[in-house]
Amino acid sequence: QFKPQMREVLATSGWPAHIVERLGLKDHNPDAAKPPEKLCTVCGKQFSALWVHRGVCIECEETARDRGRCPFNPRCEVAWFCPHERRCFVCDMHSCVECRLMRGDGETVAELARRYSPKVIAMDFDRTVATTKSGGKPEMGKHHVDNDLLSLISCTPGCCIVTRNSHVQHIQSFLTAHGAPPDLPIHSLK
């Protein structure tokens, strides 16, 4: 919230005197009275914990964001970065109405479906519709379904499951047993 103001003060007035002498030091003096600083994984300089978030100093974070890149994970794609809020959809767990990418639970998905009336709603199975993980076979009594998504699937035409889970028959039986339509399309990408 206050980051833009802080960046403006630093740009116009510089760093505070008590910080500037040790800011970004490459080496830590083990004989010093103060503990070692946090190390930025990008530039390798040391900063106090206040200026390092998730292993990246504020300077490197802002440089990455200015370039339209995620500052925390170099594997994040440019398409996963919101140009409006300068946030990574994955690492910052960001939502953006302008980008039309929203994060939320089953209730959020149901509300968005009600608001926008899409023709198709594709949902992942593992850790979204059900509590299964990593392509595991769904088991009654062990795994559960998201009731909001199940309700959406049951009363909204155009819903389908798109998953990397290869247990299509088990998924179909599991969802049908929980009240989903027996003809619900399930597409496995495996």
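## A partly exposed arginine

Arginine 86 is partly exposed, at 28% relative accessible area (buried means under 20%, exposed over 50%, partly exposed in between, with a 1.4 Å probe and protein chains only). Its salt bridge partner is aspartate 66, at 2.7 Å from N to O; a salt bridge here is a side-chain nitrogen of Lys or Arg within 4 Å of a carboxyl oxygen of Asp or Glu. Arginine 86 sits in the loop between β5 (81–82) and β6 and aspartate 66 in helix α3, so this pair ties together parts 20 residues apart in sequence. Aspartate 66 is exposed, at 58%.

## About the model

This is a predicted model: local features need pLDDT of at least 70, side-chain atom pairs count only at pLDDT 80 or more, and totals for chains, interfaces and linings use all residues. Residues are numbered from 1 along each chain as its sequence is written, and side-chain values use heavy atoms, leaving out hydrogens and water.

Salt bridges with shared partners join Glu61, Arg65 and Asp92 into one network. Glutamate 61 and arginine 65 have their closest N and O atoms 3.1 Å apart, while aspartate 92 and arginine 65 meet at 2.9 Å. Glutamate 61 is buried at 5%, and arginine 65 is buried at 4%. Aspartate 92, at 23%, is partly exposed.

## Two helices side by side

Which residues of α4 meet α5? They are Gly106, Glu107, Val109, Ala110 and Ala113, which meet Asp148, Leu149 and Leu152 in α5 (contact means heavy atoms within 4.5 Å).

How values were computed:
Helices (H or I, at least four residues) and strands (E, at least two) are DSSP runs, numbered from the N terminus.
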